[in-house]
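Here is a short report on packing in one protein model.

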Amino acid sequence: MKYFRKMIEQYIPVNDDEWAYACEIFDIKHVKKGTIVHRAGDVFNEIWFIKSGLARSYFSDMNGKDHTWQLYFRGKSKHGLNHFMDDSVSFYEKTGSMLNFEILEDSVFYVTSLEALDKFISQEQKWELLARIWIHNTYYSATYKRVLSLMSETAAERYERLLDEYPYIFKQVKSYHIASYLGVAPQTLSKLKNESR
């Protein structure tokens, strides 16, 4: 959890006792490639912080085609959105999630229930401040920009945005998952890669 402490300390100071207490609410989960850790239709009630590996969330349209919503992996990113695997909308609205969550390679996560996390955050003002910052930076801001990008940008512009936000993504994620994330055919992604060289 040293990596997450370093991320947190960019926003708030944390002493060793506070950090030990925070770590107590998390369990470590080792998950095998191919595992679906959450299925659409069920209420999502946990948050998964990725330690190592690769995962994705996706939904299936009425024709059965999968669309990747988010890719989760440890690596440089502008927003950090890809470090946290959850569906807070499902949890707080008590409705079935629209997303499936699939592990794409053997992975390790720190996992806690959103209920336990809420209880922990409510105990001290600085943790509430951190939660507000992260909700804006990693969820609202990044999701807002992603949706507008899908609605208004060309495939080439979305590709350039992806490289700006996740410069090493092609070293970590297979091209067909990236194509789905961008909302383009694999052939289109291949063409965009060749044109950008």
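F49 touches F4, F26, H83, F84, V108, F109 and Y110, leaving out residues up to four places away in sequence. Contact here means heavy atoms within 4.5 Å. The model is predicted: local features need pLDDT of at least 70, side-chain atom pairs count only at pLDDT 80 or more, and totals for chains, interfaces and linings use all residues. Residues are numbered from 1 along each chain as its sequence is written, and side-chain values use heavy atoms, with hydrogens and water left out.

**Cores**

F49 also belongs to the largest nonpolar core, which has 21 residues. I8, F49 and W127 have the most contacts inside this core. α1 (2–8), α2 (16–23), β3 (46–60), α4 (114–121) and α5 (125–152) each give two or more residues to the core. A second, separate core has 16 residues, including F73, L162, Y181 and V184.

A nonpolar core is a set of buried Ala, Val, Leu, Ile, Met, Phe, Trp, Tyr and Cys residues joined through side-chain atoms within 4.5 Å. Buried means under 20% relative accessible area, exposed over 50%, and partly exposed in between, with a 1.4 Å probe and protein chains only. Helices (H or I, at least four residues) and strands (E, at least two) are DSSP runs, numbered from the N terminus.

**Helix packing**

Axes are lines fitted to C-alpha atoms, for helices over the stretch in contact, and angles run from 0 to 180 degrees between N-to-C directions.

| Helix pair | Axis distance | Angle |
|---|---|---|
| α6 (155–165) and α9 (186–196) | within 10 Å | roughly 70° |
| α6 and α8 (175–182) | 10 Å | about 115° |
| α8 and α9 | within 9 Å | roughly 100° |

Take α6 and α9. Their axes cross at roughly 70°, which makes α6 roughly perpendicular to α9. Roughly perpendicular covers 65 to 115 degrees. α6 passes α9 in a right-handed crossing; in such a crossing the near helix is turned clockwise from the far one by less than a right angle. A155, A156, Y159 and E160 of α6 meet T188, L189, L192, K193 and S196 of α9. These contact residues divide into five nonpolar, two polar and two charged. Ala, Val, Leu, Ile, Met, Phe, Trp, Tyr, Cys and Pro count as nonpolar, Asp, Glu, Lys and Arg as charged, and the others, Gly among them, as polar.

α6 passes α8 in a right-handed crossing too. R158, Y159 and L162 of α6 make this contact with I178, Y181 and L182 of α8. Five of the contact residues are nonpolar, none is polar and one is charged.

What about α8 and α9? Their axes cross at roughly 100°, and the two helices are therefore roughly perpendicular to each other. S175, I178, A179 and L182 of α8 pack against P186, L189 and K193 of α9. Five nonpolar residues, one polar and one charged form this contact.

**Two loop residues**

K94 sits in the loop between α3 (88–93) and β6 (100–113). K94 is not a glycine, yet has a positive phi of about 50°. K94 is exposed, at 55% relative accessible area.

V43 lies in the loop between β2 (36–38) and β3. V43 is partly exposed, at 37% relative accessibility. Neighbours within four places in sequence aside, V43 contacts H38, S90, F91, K94, T95 and G96. V43 and K145 are 102 residues apart in sequence and 26 Å apart in space, C-alpha to C-alpha.

Definitions and conventions: Angles under 35 degrees count as roughly parallel, over 145 as roughly antiparallel, 65 to 115 as roughly perpendicular and the rest as oblique.
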